[in-house]
Amino acid sequence: MSKLHVETSINGEAVEFLCEPQQSLLEVLREELDRTGTKEGCGTGDCGACSVLMDGRLVCSCLVLAAETSGHEITTIEGIAQGDGLHPIQQAYLDNAALQCGICTPGLVVATKALLDKNPNPDEETIRYWIAGNLCRCTGYDKIVRAIQDAAGRLAHPA
Amino acid sequence: MGNLPKAFGQSVRRKEDPRLITGAGRYTDDQQLPQQAWAAFVRSPIAHANIGEVDTSAALEHPGVVGVLTGAEFAASGLNDLACGWMIHSRNGDPMRVGEHPALASQRVRYVGEPVAVVVADSRQAARAAAELVMVDYDELPVVSDVEAAAAPDAVVLHDAAPGNQCYDWEIGNRDAVRKALDEAAHVTEIRLINNRLVPNAMEPRAVNASYDASRDRYTLYVASQNPHGLRMTLAAVIGFGPEHKIRVISEDVGGGFGSKAFNYAEEVVCMWAAKRLGRPVKWTAERSESFLTDAHGRDHITTARLAMDANHRITALDVSTHANLGAYLSTFGSLVPTYVYATLLSGQYDIPNIYANVVTRYTNTTPVDAYRGAGRPEAGYVVERLVDVAARELGIDPAEFRRQNFIRTFPHATPVEMTYDSGDFQAHLDKALDMIDAAGFEARREASRAEGKLRGLGIGCYIEAAGIGPSARLGKLGSGAGLWESAEIRVNPTGSVEVLTGCHSHGQSHETTYAQLVADRFGISVDDVEILHGDTDVVQFGMGTYGSRSGPVGLSAIDMACDKIVAKAEKIAAHLLNVPADTVTFEDGEFASEATNERLGFAEVALNAYTAHHFPTTEIEPGLKETTFFDPPDFNFPAGTHVCEVEVDPATGVVRIARFVAVDDFGVIGNPMVVEGQVHGGLVQGIGQALLEQARYDDYGQLLSGSYMDYCMPRADDVPDFDVGFTETRSTTNPLGMKGCGEAGSIGSPPAVINAICDALGIRHIDMPATPEKVWRAVTSAA
Amino acid sequence: MYPFNYHKPSSVDEAVSLFLDAEDPAYLSGGMTLIPTMKQRLAMPTDLVDLSGVQAMRGIERQDQKLVLGAFTRHAEVARSEVVAQAIPALAHLAGLIGDNQVRYRGTIGGSVANSDPAADYPAAVVALGAEVVTNKRTISSADYFQDLFETALEPGEMIVRIELPIPRRAAYRKFPNPASRYAVVGVMVAQFDNGVQVGVTGAGPCAFRASTLEAALAADLRPEALAGVDIPDAGFNADLHASAEYRAHLVGVMARRAVADLLAS
């Protein structure tokens, strides 16, 4: 069972790596590529902490085999910010105190990006249903919902 | 300088967020050490068994394996058992009965998930694969998985030291007076309640990375802990890893705790031991299934309670009998939770002249139970608020009115169960909460729901809790093995910026922000010029960590007092600089002034002079500007509030939807309202989760049936409503800032509010938590 | 996960031959069940044959009175497909209720139908619509396809290539989700065709089935009220932490009534 050679794009950068077939994308990101911003909360695709975008679509990186990413574009939390500044979604999370311990936050920020890319003006029910795959034990979700609404406004009307 | 707006009390943006929101936080599992090795634990798949032969030969041959260590080797290591930090005495005076609790079992396993061996390998995958190859012979024993089964006369006994599986039979209050009041009562309401067992589920799994530097004979332990200093003390003094200065514990960013990361766990001990034995740093991060099986669970009480009332509907007595499940072993605070932070809160917000509580705790073949957000107080609040609600309905009185009639109205108020409430205004939050939820409009909303075939109900939960536990001497008398003061060290740098070292630990509570706000105001500097340091025993001298809602009232008070000392010294230095008598110097808004001169000095200027030491006699005043305080609170503080829940039930399916939820809390003085609201929201969802969704269920074989997110129902964003949160304020008198703890309130007031609302909607007396759709549907069906 | 060989064929034939050549293989078709199962070391295939590169298994197409879904069509593609929304809106609705976003972007209809989880959503549609499961070897009618708990008519190595769903006049799907997993405790699809009403039930039994008593009642009177007195025996129904067999039987009735109401309103 030899190592597989994978060519992919991570946060806009061409990346090549070798992996075992059984390594997940999450494992490779964290342990081989030193991109530890993406977190593992359950390892079975139930908590969303490891959410990344694959060709713009929200997926749990713990359930994607690293080998499957060949030829695809991956965006992680490290690729959300624009240059040195925060992305408007991140700024909205910060301004609304939408995080506490922060472990689920990378996944939620990525999930928010996926939502607002698709639906720039979601109502609250849509937001709550959209992020139902991302568990947060600290915030009770209220301020996350507020932050997503705020982020939608910022993206629609950039300052 | 001198004109900065006050930061404390404002919703200042969180200073910790820029790193956490970009993925740049440093959690334990994010860090790899040179020569890193990984541990995987071999855990018992059986709830109760004697251990036979342990064959490690196949595992040792697996590629990448560095070593396999068994319980037998651990037993020979000279290290001590995991211990409980609180001694409880039974009512007959006997000390609690404690059995063995080795970090790796060698003789017997007592719950599914108990570690019996550890495999250390070059990679996580190799360690996990090799752990599957360790062959353990188990000689199965009978199993008791609930507290009632454990009490049966023929029940199997887990620990020889604890006949009948009983750990203690404890009491508080005056039994005879309560009996008399019950006999003389005009009305007695009785209820039997189950407080469901919960799994904490911090979203960051527990994680450990232990290394040992032989050249310095020193351990370094990275660990996701709420209490790094307490853990170091335990590892040194209890487990026996050597003196504290030979152990460094680092808990940098920690992904939530809720109590579950405040304890000393087997994995920390075993990884440290293995790191020294094998000469490699040993890292372990729980898989979620391991978290379910080994993070200390919460709650798990069965209670019968009786409330006595006179003809005027005044409560005259409360009698409570509780059976609490400790799990297979006594966890770090396992003995405390069902006693001094439970039964001491049974007076709730009410003037109850006579209270008696008897608590019997037993061991079962389940995961150990310990403090989980609220820890004892949610259990007490649930008993009181369910009982009061049922009593009001039996008496035909409006539940809010019945509460009002029985509220404590003067302070301080000594209850019959140890506590003296120093402050509060219970009617204020009840009235405000009912106003905010528009209780007056409820009947119209109920009618509107009925027209759509839905049942609507309103429920109140008035809670009081005891936060910031202290003073230490009193806790010592009650059985605590430690003091519960907090330390603070303030280092003013020569340029006037400030470092604050605290023994509290933030794992979501925003200390880096709220603490900085206070310090900034005290010195008239910017919040950005204050750095809060915590979570490293080499940096902070000592502390007691964060749990029990202590970081504001206790931890920040210590900082406030250290600020007093800084100001006092700086004033003396300023007097020399201004050339005026010391007693004429004042410090306000960042400026030192004196009536004796027009000259003023800024905080940074005095700081610089403190270090240059050119202008004051160092024989009288030492150079430098750094102060330390240890604050021991003179008493608990008593956050209280009213939570009101409005539910709408679909009688056809039993689904409960929370239509509105209002929480009004009295946390005394609030440092950062945005942060405090977040604490309330999080607590509310954990409480709502307990009331509607969450339950750790075991089968008769001691297997955890709800051991994954497929079966343990975590609240998700579309399960819960928006919250309407308000505050009232009565200052706490037990700390200089007037603060009351805010971390646990949400999880205490909400479960009874939800259940009372469901009972109101259905017109039933009681339903046990979690009120799942099927349970509610059955209640609707049998009520019809 | 235990080590395995990874293959990514580009045709059906190549996939099948890789499968047949391997010792203990599994097809990877989204992996939303298979990967977690492997990670929990409950499955240990020697070889994974990733079907994501097989173009013949992709695509959504309307062919006359049939909707044809390639087996590798992901749930999110079905949920937002204009073609599906035009042909069988209830199917798009069903797909949008599966799991969560992260699952819907990865999971596929072929994977779901091949796995035949008793609580999966798609099987309700497959039986209610009388779909045909087209494999690399043959066409299997939905009446024969689902056999028992995780058991289907598929033979070892046999692979679903596409699913062909007859387009009803109207249809509706109602689901009572498991509060923890969001799988269906009970899911009911009611479909009205020119020649009758078909009701597919998932979640309640060991595998999806047609509810003939409900169909008979609705054939006579296609209104929710028509189901009022219909007895739904719970014999053989699933029972777990979340719902007893009795409650599931009750929910079949409730979900069916609500689906009929939705259907009439559509």
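Which residue in the turn of the hairpin formed by strand 3 and strand 4 of chain A has a positive phi? The legend to Figure 1 answers this; every view is taken from a predicted model.

**Figure 1. Hairpin of strand 3 and strand 4 in chain A.** Two residues lie between the strands, and A:Asp55 in the turn has a positive phi of about 50°. Strand 3 covers residues 51-54 and strand 4 covers residues 57-60. Their pairing is antiparallel and runs over four bridges. Across the pair, A:Val52 faces A:Val59 of strand 4. In a regular strand, side chains alternate between the two faces of the sheet.

Figure 2. B:Ala59 counts as buried because 23 other C-beta atoms lie within 10 Å, and the cut-off for a buried residue is 20 or more. Leaving out residues up to four places away in sequence, B:Ala59 is in contact with B:Val65, B:Val68, B:Val119, B:Ala130, B:Ala131, B:Leu133 and B:Val134. B:Ala126 is 67 residues away from B:Ala59 along the chain, with 9.7 Å between the two C-alpha atoms.

**Figure 3. Contact between chain A and chain B.** Chain A contributes 42 residues and chain B contributes 41 residues. On the chain B side, helix 1 (17-20) and helix 18 (673-693) each supply at least two residues. Helix 18 of chain B gives the largest share of this side, seven residues. Sorted by class, the side of chain B that touches chain A consists of 18 nonpolar, twelve polar and eleven charged residues.

How values were computed: Residues are numbered from 1 along each chain as its sequence is written. Chains are lettered from A and ligands numbered from 1 in the order in which they are written. This is a predicted model: local features need pLDDT of at least 70, side-chain atom pairs count only at pLDDT 80 or more; totals for chains, interfaces and linings use all residues. A residue is buried if 20 or more other C-beta atoms lie within 10 Å of its own, exposed if 12 or fewer, and partly exposed in between; C-beta atoms are placed from the backbone. Two residues are in contact if their C-beta atoms, placed from the backbone, lie within 7 Å. Ala, Val, Leu, Ile, Met, Phe, Trp, Tyr, Cys and Pro count as nonpolar, Asp, Glu, Lys and Arg as charged, and the others, Gly among them, as polar. Two strands pair if DSSP finds at least two bridges between them.
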